[in-house]
Amino acid sequence: GEGQAKKVELPGIEKKDLWYWDKFLQRFSTGGNKLDGEKKAVVIGGGNTAIDCARVLRRMGCEAIVAYRKNMPFMPCNKSELVHAMEEGIEFRMQLVPVEFLGEKKLEKVRFKKMDIEKEEFVETDETEEIEADICVLAIGQEYDATVANGTELEGKEIKINGCKTELWGVFAAGDLANEEKTVIHSIASAKKAVEEIEAYLAKK
């Protein structure tokens, strides 16, 4: 699966109170850990994971803003999730791309470049906008943990899949790695398909 957050390299990324979605949800989604006091929070992203993070922050008493690089019709999150987030008081800022995280010793603001629409395409402008933030969560995508291939001929390579078979004989893949549709139901279906292919492989040995 793709259980690892996609990383970015931007000025100020090392500042305190900057989280990637995976570490943030692991720590705070169960309700066992709390933030100290009310905080201004910015979540960067437009998918279901970004909405999950924003709703967790809101329930911990934060002012939560979701910033997304396109406009609302292009947000890949489920529309029902979007409605629930709005009902909980989460604010949405559209057509913003993060370029820098500002602050002395800890995060104080996130600087964005504004996006414009030209010929049905989203393009960066020279205009910037800064949003105050005590905490920021990056939820811009996910990727698989490449270390699963360590010690094999696939180490350090892009894993190519034909059905559920990888390039390495006798090694199969399922879940997010084998599917464009990144949902639990598709992962379960692909796992069943992989089992069938593995049984056929074993029957030939």
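Q: Leaving aside neighbours within four places in sequence, which residues is F24 in contact with?
A: W19, S29, C53, V56, L57, M60, I135 and V137. Contact here means heavy atoms within 4.5 Å.

Q: What kind of model is this, and what are the ground rules?
A: The model is predicted, so local features need pLDDT of at least 70 and side-chain atom pairs count only at pLDDT 80 or more, while totals for chains, interfaces and linings use all residues. Residues are numbered from 1 along each chain as its sequence is written, and side-chain values use heavy atoms, with hydrogens and water left out.

Q: Back to the core. Which residues touch the most other members of the largest nonpolar core?
A: F24, V43 and L57, out of 44 residues in that core. Helix α2 (residues 48–59) gives the most to this core, six residues. A nonpolar core is a set of buried Ala, Val, Leu, Ile, Met, Phe, Trp, Tyr and Cys residues joined through side-chain atoms within 4.5 Å.

Q: And how much of the protein chain is buried?
A: 39% of its 205 residues. Buried means under 20% relative accessible area, exposed over 50%, and partly exposed in between (1.4 Å probe, protein chains only).

Q: How many helices and strands are there?
A: Four helices and 12 strands. These are DSSP runs numbered from the N terminus: helices are H or I with at least four residues, strands are E with at least two.

Q: What box do the C-alpha atoms fill?
A: Roughly 60 × 45 × 35 Å, along the principal axes. Among contacts between residues at least 6 apart in sequence, 57% join residues at least 24 apart.

Q: New topic. How much space lies in the largest pocket?
A: About 680 Å³. The lining has 26 residues, and the closest to the centre are G47, P76, A139, I140 and G141.

Q: How is a pocket defined here?
A: It is worked out on a 1 Å grid over the protein atoms alone, with a 1.4 Å probe: a pocket is an open set of points with protein on both sides within 12 Å along at least five of seven lines, and lining residues have an atom within 4 Å of a point. The volume is the space filled by probe spheres set on the points, which are joined across faces, edges and corners.

Q: What is the lining made of, by class?
A: 13 nonpolar, nine polar and four charged residues. Nonpolar covers Ala, Val, Leu, Ile, Met, Phe, Trp, Tyr, Cys and Pro; charged covers Asp, Glu, Lys and Arg; the others, Gly among them, are polar. α2, β4 (63–68) and β6 each supply at least two lining residues.

Q: On to charges. How many salt bridges does the structure hold?
A: 13. The criterion is a side-chain nitrogen of Lys or Arg within 4 Å of a carboxyl oxygen of Asp or Glu.

Q: Which residue meets E100 in a salt bridge?
A: R111, at 2.9 Å, N to O. E100 is in strand β6 (residues 96–102) and R111 in strand β7 (residues 109–118), 11 residues apart.

Q: What about R111 and E130: where do they lie?
A: Their side chains meet in a salt bridge at 2.7 Å. R111 lies in β7 and E130 in strand β8 (residues 121–132), so the pair ties together parts 19 residues apart in sequence.

Q: Why does R111 count as partly exposed?
A: Because its relative accessible area is 25%. E130 is partly exposed too, at 36%.

Q: Which residues are linked in a network of salt bridges?
A: R55, R59, E81 and E88.
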